Amino acid sequence: MIAIGASVAPRLGLRGLVAAILCLALASCGYNNIPTLEEQAKAKWADVQNNYQRRADLIPNLVATVQGYAKQEKDVLTAVVEARAKATQTKIDVSQLSDPEKMKQFQDAQNQLSGALGRLIAISENYPDLKSNQNFLALQSQLEGTENRITVARRDYIEAVRAYNTELRTFPGVLWAKTVFSSSKPMAEFTADTAAQTPPKVKF
């Protein structure tokens with residue numbers, strides 16, 4: 001029994017060494033790059049969605065505040081409400097990030113809401129009482145901060161997607177993409193119109 005145990009031990013040690021070397025080889029040749037970069041891009045997309053949701057959550061109070069001072073601006077207020085409804089209904093889950101058409105629909109809906117919000121903020125110039133209302137000032141400040149967060153989150157997502165897509169197309173990632181990770185597809189880049197995403201500004 002002792003002799004058998006002694007002969008098995010070196011073989012187990014050798015197998016363990018081979019397994020360790022294999023793991024190191026896989027890690028050093030980029031085996032983990034694709035799933036790691038994919039998860040990073042998905043996380044950045046979640047940040048984008050969270051910030052857009054934060055903006056959507058601010059809008060009802062903003063609309064109600066403006067309406068209290070500018071009821072005659074019905075068309076602008078209605079446009080914001082309708083654009084918000086469309087934007088909140090147009091969602092993309094991580095399984096759809098490789099679909100450029102879905103991404104375009106999402107971007108178009110958010111761009112439409114950005115434009116409507118810009119018009120809503122602009123009409124405040126015509127109402128001095130609204131411009132000085134503390135609730136409006138607080139909401140406007142939160143909105144600008146959220147728009148800035150959206151810009152940062154969108155930029156981070158674009159960079160994460162570029163890194164992931166590049167890994168799928170370049171060596172050695174392309175080898176893994178065509179074999180082990182054949183189900184991993186390039187993600188659609190977020191290419192929303194920069195002008196439409198500029199945070200609304202109010203000059204006092």
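**Helix packing in a predicted model**

Q: At what angle do helix H3 and H4 pack, and how far apart are their axes?
A: The model is a predicted one. In it, helix H3 covers residues 74-89 and packs against H4. The angle is about 155° and the axes are 8 Å apart.

Q: Are H3 and H4 roughly parallel or antiparallel to each other?
A: Their packing angle is about 155°. Angles over 145 degrees count as roughly antiparallel. H3 and H4 are therefore roughly antiparallel.

Q: How do the residues of the contact of H3 with H4 divide by class?
A: The crossing of H3 and H4 is left-handed. On H3 the contact is made by Val76, Leu77, Ala79, Val80, Ala83, Arg84, Lys86 and Ala87. H4 contributes Ala109, Gln110, Gln112, Leu113, Ala116, Leu117, Arg119 and Leu120. The division is 11 nonpolar, 2 polar and 3 charged.

Q: Are H4 and H6 roughly parallel or antiparallel to each other?
A: Helix H4 (residues 100-122) and helix H6 (residues 134-169) have axes 13 Å apart and pack at about 155°. The cut-off for roughly antiparallel is an angle over 145 degrees. H4 and H6 are therefore roughly antiparallel.

Q: Which residues of H6 make the contact with H4?
A: H4 passes H6 in a left-handed crossing. From H4, the contact uses Met103, Leu117 and Ile121. From H6, it uses Phe136, Gln140, Leu143, Glu147 and Tyr157.

Q: At roughly what angle do the axes of H2 and H4 cross?
A: H2 passes H4 in a left-handed crossing. The two axes come within 12 Å. They cross at roughly 30°.

Q: How many nonpolar, polar and charged residues does the contact of H2 with H4 have?
A: From H2, the residues are Trp45, Tyr52, Arg55, Ile59, Leu62, Val63 and Val66. They meet Met103, Phe106, Gln110, Leu113, Ser114, Leu117, Leu120 and Ile121 in H4. By class, the contact has 12 nonpolar, 2 polar and 1 charged.

Q: Where in H2 does a kink lie?
A: H2 runs over residues 33-69 and reaches 55 Å from its first C-alpha to its last, close to the 54 Å expected. The kink is of about 30° and comes shortly before proline 60. Its position is isoleucine 59.

Q: Which peptide bond is cis, with omega near 0°?
A: Most peptide bonds are trans. Proline 172 lies in the loop between H6 and helix H7 (173-178). The cis bond runs from phenylalanine 171 to proline 172.

Technical notes: Residues are numbered from 1 along each chain as its sequence is written. This is a predicted model: local features need pLDDT of at least 70, side-chain atom pairs count only at pLDDT 80 or more; totals for chains, interfaces and linings use all residues. Side-chain values use heavy atoms; hydrogens and water are left out. Helices (H or I, at least four residues) and strands (E, at least two) are DSSP runs, numbered from the N terminus. The expected span of a helix is 1.5 Å times one less than its number of residues. The bend at a residue is the angle between axes fitted to the seven residues ending there and the seven starting there. Axes are lines fitted to C-alpha atoms, for helices over the stretch in contact, and angles run from 0 to 180 degrees between N-to-C directions. Angles under 35 degrees count as roughly parallel, over 145 as roughly antiparallel, 65 to 115 as roughly perpendicular and the rest as oblique. A crossing is left-handed if the near helix is turned anticlockwise from the far one by less than a right angle, and right-handed if clockwise. Contact means heavy atoms within 4.5 Å. Ala, Val, Leu, Ile, Met, Phe, Trp, Tyr, Cys and Pro count as nonpolar, Asp, Glu, Lys and Arg as charged, and the others, Gly among them, as polar.
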